[in-house]
Amino acid sequence: IRLYADDLKIINSENDSLQGDIDKLYNWSVQNLMKFHPDKCKLIRCTHKRNIVNLSYYILGQEVEIADSEKDLGITMTPKVSFTDYQEIILSKGSQKLGLLRRSSRFIKNPSQRRILYLALVRSQFEHCSQIWHPISKNSMTAFEKLQKRAVKWILSKISESYDNDLYLQKLKAIEISLLSEKFIYNDLSLMDKVVHEHSPLTLPSFAHIYIRFDNAKNTRLQTSRDNLQLVSDNVPKIDISKNKFLSVHLRSGMVYLLQRKGSQILFLACSQNQLWPSQATTAII
């Protein structure tokens, strides 16, 4: 059971026991004088299985509606747990806000003021729960960067100019705005750092833990490359990552990281690969 304010979710991987959980929760709500509204309750089956067991569930004798998608704290969830549609929605929403901002702020010419307006009203839309939905594919990420490129031209009053990638990076540096791809990575790192240091309600999965090196351990190349800030997994890999395009893309994007400081450099260790392939760890220096 997951509860946030007045939003409640029941997550159950066993179809047979879900109805019992619903009944228990409904009885609890009646005892506490806050009955559920059956019309506002939705059911989403999240699975990649082809053969789905279609069972019906009821509240007060009324069948719970099966939804193709449902908003959860602002994020649109689907049965396939794919956020492609949500990315298009949030990109369209950002484009509309940027257009409205340009039309309603013609009297503002100061780049610093325009920068603040863009960050507060447009870019902030892309940072809400970005750790969950942010784009993975190159094409999707390019679409987000194109929108920000339009915003940079507006901030600098250079609407008619054409920016190649190098010039775009120079302009971003001049107005102190990072690439959206880097901002998404930073948000991932920030959350991972909070989870590892127990500053977040989220916890590491039971099979993941911080590597502990023993003094009597063999001095192998893998042992010497690890330190006490690296996460390792107890799970045995079930798939070959190099032959799985979906996982390869996710790992290259660095969905999950651990932040480590070493002098003036910051090392990011990709922990998502450790969960699938315990003997490997990927390090990127930024």
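The following dialogue explains how several terms apply to this predicted model.

Visitor: Why is L55 called partly exposed?

Guide: L55 has a relative accessible area of 30%. Partly exposed covers values between the buried cut-off, under 20%, and the exposed cut-off, over 50%; L55 is therefore partly exposed. L55 belongs to the loop between strand 3 (42-43) and strand 4 (58-59).

Visitor: How far apart are L55 and D16 in sequence and in space?

Guide: In sequence, 39 residues separate L55 and D16. In space, the distance from C-alpha to C-alpha is 8.5 Å.

Visitor: What makes the phi of C129 worth a remark?

Guide: The phi of C129 is near 55°, a positive value, and C129 is a residue other than glycine. Most residues other than glycine have a negative phi. C129 lies in the loop between helix 3 (111-127) and helix 4 (130-133).

Visitor: Which value makes C129 partly exposed?

Guide: The relative accessible area of C129 is 26%. Because buried requires a value under 20% and exposed a value over 50%, C129 counts as partly exposed.

Visitor: What is the phi of S157, and where is S157 found?

Guide: The phi of S157 is near 60°, again a positive value in a residue other than glycine. S157 is in the loop between helix 5 (138-155) and helix 6 (165-174). With 43% relative accessibility, S157 is partly exposed.

Visitor: How does the reach of helix 2 compare with the expected value?

Guide: Helix 2 (residues 84-104) has 21 residues and reaches 30 Å from its first C-alpha to its last. This is close to the 30 Å expected at 1.5 Å a residue.

Visitor: Which residues of helix 2 are buried, and what do they pack against?

Guide: The buried residues of helix 2 are Y86, Q87, I90, L91, G94, L98, G99 and L101. The partners of these buried residues are strand 8 (75-77), helix 3, helix 4 and helix 5.

Visitor: Why are helix 3 and helix 5 called roughly antiparallel?

Guide: Helix 3 and helix 5 pack at an angle of about 160°, and their axes are 9 Å apart. Angles over 145 degrees count as roughly antiparallel, and the two helices are therefore given that name. The crossing of helix 3 past helix 5 is right-handed.

Visitor: Which residues make the contact, and of what classes are they?

Guide: Helix 3 contributes P111, R114, R115, Y118, V122, R123 and F126, while helix 5 contributes F144, L147, Q148, A151, W154 and I155. By class, the contact of helix 3 with helix 5 has nine nonpolar, one polar and three charged residues.

Terms used: Residues numbered from 1 in each chain as written. Predicted model: local features only at pLDDT ≥ 70, side-chain atom pairs only at ≥ 80, totals over all residues. Heavy atoms only, no water. Helix = DSSP H or I, 4+ residues; strand = E, 2+ residues; numbered from the N terminus. Buried < 20%, exposed > 50% of the residue type's maximum accessible area, 1.4 Å probe, protein only. Expected span 1.5 Å × (residues − 1). Contact = heavy atoms within 4.5 Å. Axes fitted to C-alpha atoms, helices over the stretch in contact; angles between N-to-C directions. Parallel < 35°, antiparallel > 145°, perpendicular 65-115°, else oblique. Left-handed = near helix turned anticlockwise from the far one by under 90°. Nonpolar A, V, L, I, M, F, W, Y, C, P; charged D, E, K, R; others polar.
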